[in-house]
Amino acid sequence: MKLLIILLILLAVMALIAFRYRKQIQTALYVWRMFRQMRQFNKPQAAQPKEKQIDKNEKSSNAPLVRCGGCGKWTNETAMLKLGSKSFYCSANCMEKAVR
Ligand SMILES: [Zn+2]
């Protein structure tokens, strides 16, 4: 019987806390759901062709942006083809274009 009373009190306390912080809980749930949606949204992109992957890296990484010597597009350094120490190209095509 004692255990039941303790359980009831605990339940009441939890309900009170839930009621008090319902806004915070709602916010936390909302953030959590957004996070899950974002993760689900990112999954299918991994299976896409290479060019799309380059775009994805562009957004997710913090590496500095460099300008493509062929087309002039600003792209993340890690996703670029490097020629020497100063020249970057977004694709082999752009590299060829610049060399020619
Ligand atoms: Zn380019």
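Trainee: Which helix does A98 lie in?

Mentor: A98 lies in helix 4, residues 92-99. Helices (H or I, at least four residues) and strands (E, at least two) are DSSP runs, numbered from the N terminus. Residue numbers start from 1 along each chain as its sequence is written. The model is predicted, so local features need pLDDT of at least 70, side-chain atom pairs count only at pLDDT 80 or more, and totals for chains, interfaces and linings use all residues.

Trainee: What is A98 in contact with, leaving aside neighbours within four places?

Mentor: G69, G70 and Y89. Contact means that the C-beta atoms, placed from the backbone, lie within 7 Å. A separate distance: the C-alpha atoms of A98 and S87, 11 residues apart along the chain, are separated by 9.8 Å.

Trainee: Ok, Y89 then. Where is Y89 found, and why does it count as buried?

Mentor: Y89 is in strand 4, residues 87-89. It is buried because 24 other C-beta atoms lie within 10 Å. Not counting residues up to four places away in sequence, Y89 touches C68, G69, G70, M80, L81, L83, C94, M95 and A98.

Trainee: Which residues make up the largest nonpolar core?

Mentor: V66, C68, A79, M80, F88, Y89, C90 and M95, 8 residues in all. A nonpolar core here is a set of buried Ala, Val, Leu, Ile, Met, Phe, Trp, Tyr and Cys residues joined through C-beta atoms within 7 Å. M80 is in contact with V66, T75, F88, Y89 and C90, leaving aside its neighbours within four places in sequence.

Trainee: Switching to the whole chain: how many helices and strands?

Mentor: The protein chain has 4 helices and 4 strands, in the order α-α-α-β-β-β-β-α from the N terminus. Buried residues are 11% of its 100 residues.

Trainee: What about the length of helix 1?

Mentor: At 1.5 Å a residue, helix 1 (residues 2-20) should span 27 Å, and its end C-alpha atoms are 27 Å apart, which agrees. The expected span is 1.5 Å times one less than the number of residues.

Trainee: Last one. Where is confidence lowest?

Mentor: In helix 3 (residues 50-60), at a mean of 56, while helix 1 is highest at 92. That is pLDDT, the predictor's confidence in each residue, from 0 to 100. The chain averages 83, and 81% of the residues score at least 70. Where pLDDT is low, the predicted coordinates should not be read in detail.

Technical notes:
Buried ≥ 20, exposed ≤ 12 C-beta atoms within 10 Å, placed from the backbone. Contact = placed C-beta atoms within 7 Å.
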